[in-house]
Amino acid sequence: MAGAADRTGQVIGLRTAPAAERSGHAERVPTPREADTDPAPVTRTAEPRPQRVRRAARALGARLRAAPLTLALLVGLWALGAATHSLPHGPSAHLLARTGVGADTLAAGRWWTPLSSLLWCSGIGSYVFSSLLLLLVGPTAERRLGRLRTLAVLAGGQVVGTLAGTALVAAGSAAGEQWTASVADQTSVGPGVGLFALAGVLGYRLTVLWRRRLHLLVLLLPLVMTLYVGHLQSVQRCAAALVGLGAGALLSRGRPNLVGRRSSHTETRVLVALCLVAAAFGPLIASLYDNASGPFNTFSELYFSHRLGPDEVADFCAMSAHDCARAHAVERIFDTPGRMMAALFPGLLLVLAEGLRRGLRFAWRITVATELLWVALLGWLYLDAGPVDRDVVQYFVEAMLLPLLTTALLLATRQRFRLRLPGRSVRRLGLLVGGAALASAAAYVGLGRLVANQFEPGAGVSGLIDGLPAQFLPPAYNDLLPDYPIAVGPVARFLETYCGLAFWVVALGALLSAFRRPVLHTDADAAARARALLAEHGGGTLSFITTWDGNHYWFDESGRAAVAYRVLGTVALTTGDPFGAPEDRAGAVLGFARYCDARGWTPCFYSVSPQTRDAAGQLGWRSVQVAEDTVVALPELAFTGKKWQDIRTALNKAGKQGITAEWWAYHEAPLALKDQIRAISEEWVSEKGLPEMGFTLGGLEELDDPDVRVLVAVDEQRTVHGLTSWMPVYEDGVPVGWTLDFMRRRSEGFRGVSEFLIASAALGFKEEGARFLSLSGAPLARTGQDEEPTGLQRMLDWMGRVLEPVYGFRSLLAFKAKFQPEYRPMYMSYPDPAALPAITRAIGKAYLPHLTAAQGVRLMRRLSG
């Protein structure tokens with residue numbers, strides 16, 4: 001069964017609508033009369049870049065023109081700043097005392113300051129940041145919330161956030177907390193407080209996909225600023241974000257509650273990657289502030305190295321001549337390209353975040369190792385510090401919280417990072433990184449030995465080896481390392497500057513390149529060979545799923561037939577029928593069975609045609625029907641007569657509502673279109689509360705194939721109402737049929753969009769000369785009751801009934817009946833009834849590889865309910 005088999009009957013779409021921009025020229029909308037002529041869908045291709053840029057600029061201009069409140073606030077903010085000479089350094093001390101909010105101004109009776117602080121910023125950087133935030137949040141808030149409510153939330157969030165943040169700082173200072181005491185006398189201005197509250201409320205009016213992302217950012221940004229920068233305004237923004245999230249939840253009462261519902265594998269990876277990005281940027285942001293005092297900023301120099309100040313250099317020089325030389329060496333680094341080494345760890349975390357976003361187990365392991373090394377380093381520093389007082393203990397505990405929390409998050413989501421780099425890529429990466437390390441070390445030691453007199457003291461081989469760690473670590477680690485020769489001559493300084501930097505440029509570049517390459521099959525050559533064989537000779541209606549990632553391939557001796565399979569436990573579970581030359585497919589059943597027997601596996605042919613079942617039956621195997629394929633013949637297809645009334649109604653209503661069907665290749669589709677597709681899919685996953693199914697059920701990743709065609713239903717505003725994807729069925733090198741895989745619809749969109757899309761696809765394929773289309777199999781559902789069911793068949797029928805409330809298999813089969821299909825049974829063939837428990841476990845693991853114990857319990861409750 002393809003993806004539609006699991007998802008079609010109860011697809012849930014979005015509550016929110018319009019696309020940000022039009023991605024192509026809208027076709028003329030057919031009238032109802034014209035719709036009766038069954039127009040075929042339109043084929044779309046990506047626009048040239050200049051046209052896309054111009055279209056995006058026009059869309060942005062239209063968006064701003066539709067947001068007068070945002071424009072008024074933006075102009076007023078800058079005009080008032082210019083009129084009061086607050087640009088570029090912020091309000092004067094007198095003006096700040098009259099308009100800024102803080103414990104001192106509130107104690108002085110200036111009750112208006114929580115609101116007046118909205119109208120000024122503390123400096124040019126704050127003006128730019130607040131303006132960008134306003135442009136990002138304001139127009140969408142005006143459209144989703146309305147202008148009056150947007151203004152009320154902005155002003156109310158500013159007042160409540162500033163008061164709550166100031167109260168928290170005052171309470172911490174009164175309790176003797178050192179960090180809050182250091183900022184208790186600060187006064188803050190800026191609309192960012194209210195804007196974070198507005199973003200928190202706005203998130204509840206977005207799709208699930210962007211709700212999660214926006215809410216995560218609304219929490220992470222002010223939290224990172226609070227933990228690293230620690231200023232009063234950071235605390236106020238954090239408080240406002242929490243207020244906004246709470247207020248948004250109250251305002252959204254009566255709407256579908258999506259909090260806590262499961263996200264897709266892809267979206268979970270994105271959210272984890274965002275958390276790692278926040279951990280990387282925290283120290284970088286703090287480095288922009290001269291007086292950063294946040295609790296996590298204590299050891300931030302170990303993340304991001306800072307240039308030594310004159311007083312610090314003087315302190316080192318007062319200790320010894322060697323320490324003085326090391327301090328000056330560190331200073332020199334910041335006057336060369338070697339200063340990039342200061343941001344080594346943030347750079348490494350950003351590269352690893354890209355690997356996590358792509359779901360790579362290799363990136364997950366390196367990230368966990370990096371965080372644990374950070375914890376070990378802090379522990380070593382704590383033990384090396386000797387007797388310490390309470391404040392020092394507190395500093396170490398606060399510094400360890402971030403890597404420990406990050407590690408806990410990675411461990412909790414470890415099952416989402418299962419994609420593996422091909423062995424060839426890992427070996428190439430190891431050789432490249434290892435070779436760069438050896439070359440850099442050899443250059444430093446070898447060339448350094450030739451210019452030993454340019455080091456102080458003179459450098460022998462052992463001394464240069466002692467200095468190697470300093471070349472590969474950021475400057476802040478130099479004073480943690482044992483003594484090593486200091487470069488004083490030009491060649492020695494060149495080696496000191498560039499050896500470590502060259503290694504890390506190569507290493508991070510190689511990692512990023514490996515992470516950004518497509519994740520290939522375990523054996524890419526076999527996958528390419530199998531795809532070529534499938535395109536040349538064809539297979540069954542579901543054979544294209546053999547090209548999906550995760551499959552292994554067996555080829556017969558002639559190379560004219562193949563079987564796609566995956567091994568789970570001791571079961572070799574096939575992905576549909578054998579494919580290849582038609583005369584060799586039946587023999588492939590016996591050949592594959594012998595191949596499995598030689599390796600101690602139990603073969604199981606799953607979702608196969610009667611022809612494969614008969615070939616397995618000749619070997620003495622048992623079979624049971626597990627699904628029913630639905631095939632629609634195209635040459636004589638015409639939506640006439642009473643039996644096609646529902647389809648004609650869907651086509652006519654689509655015409656009346658200005659909805660058209662467009663063909664796209666997913667990888668060529670505009671970003672706005674793909675974003676809506678992802679959002680619709682994410683909404684479906686969150687509604688389920690259960691894991692996405694895999695194996696023979698396609699998802700978003702399977703859409704991104706050049707041979708897969710995506711049919712999208714869009715209205716005149718370029719809002720996506722639904723989509724379907726279609727996989728080719730080959731014969732003699734050309735597609736002669738198409739199989740439905742992925743199908744989603746927007747919950748508040750056009751109600752007949754599924755019927756409209758399938759009917760439009762059928763008309764388009766008929767026009768192209770295709771012979772048939774398959775609506776794919778409906779698992780655990782069947783219409784045929786001709787044969788007396790066996791005990792196993794009765795059990796599967798019972799499972800179909802109890803799973804109906806969860807996955808709607810039978811509703812799906814009833815939906816497909818609208819298209820008057822031919823029903824073709826699909827079977828599971830197996831050699832030994834004693835192996836059925838192992839086969840059942842293998843099938844369950846194939847479909848639900850990420851099922852946790854809690855989700856299993858939830859599924860059982862829903863079934864028993």
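**A helix pair, a cavity and a glutamate**

Analyst: This model is predicted.

User: Is Glu496 buried or exposed?

Analyst: A residue counts as buried when its relative accessible area is under 20%. For Glu496 the relative accessible area is 13%, so Glu496 is buried.

User: Which residues is Glu496 in contact with, leaving aside its neighbours within four places in sequence?

Analyst: Sequence neighbours within four places are set aside for this answer. The contacts of Glu496 that remain are Ala329, Arg332, Ile333, Gln471 and Ala487.

User: What is the volume of the largest cavity?

Analyst: Rolling a probe the size of a water molecule over the atoms shows where empty space is left. Searching the whole structure in this way gives six cavities of 30 Å³ or more. The largest cavity has a volume of about 160 Å³.

User: Which of the residues that line the largest cavity are the closest to its centre?

Analyst: The lining of the largest cavity holds 16 residues. They divide into 10 nonpolar, five polar and one charged. The closest to the centre are Ile333, Ala470, Gln471, Leu473 and Glu496.

User: Which element gives the largest share of the lining of the largest cavity?

Analyst: The elements that give two or more residues to this lining are H16, helix H22 (468-472) and helix H23 (490-516). The largest share is four residues, and it comes from H23.

User: How are H15 and H16 oriented to each other?

Analyst: Two packed helices are described by the angle between their axes and the distance between the axes. Helix H15 (residues 310-319) and helix H16 (residues 321-333) have axes 6 Å apart, at an angle of about 150°. Angles over 145 degrees count as roughly antiparallel. H15 and H16 are therefore roughly antiparallel to each other.

User: How many nonpolar residues does the contact of H15 with H16 have?

Analyst: From H15, the residues in the contact are Val313, Phe316, Cys317 and Met319. They meet Asp323, Cys324, Ala327, His328 and Glu331 in H16. By class, one residue of this contact is polar, two are charged and six are nonpolar.

User: What share of the residues of the chain count as buried?

Analyst: The chain has 34 helices and 15 strands. Among its contacts between residues at least 6 apart in sequence, 78% join residues at least 24 apart. Of the 865 residues of the chain, the share that count as buried is 54%.

Definitions and conventions:
Residues numbered from 1 in each chain as written. Predicted model: local features only at pLDDT ≥ 70, side-chain atom pairs only at ≥ 80, totals over all residues. Heavy atoms only, no water. Axes fitted to C-alpha atoms, helices over the stretch in contact; angles between N-to-C directions. Parallel < 35°, antiparallel > 145°, perpendicular 65-115°, else oblique. Contact = heavy atoms within 4.5 Å. Nonpolar A, V, L, I, M, F, W, Y, C, P; charged D, E, K, R; others polar. 1 Å grid on protein atoms, 1.4 Å probe; cavity = no way out; pocket = protein on both sides within 12 Å on 5 of 7 lines; lining within 4 Å. Points joined across faces, edges and corners; volume = space filled by probe spheres on them. Buried < 20%, exposed > 50% of the residue type's maximum accessible area, 1.4 Å probe, protein only.
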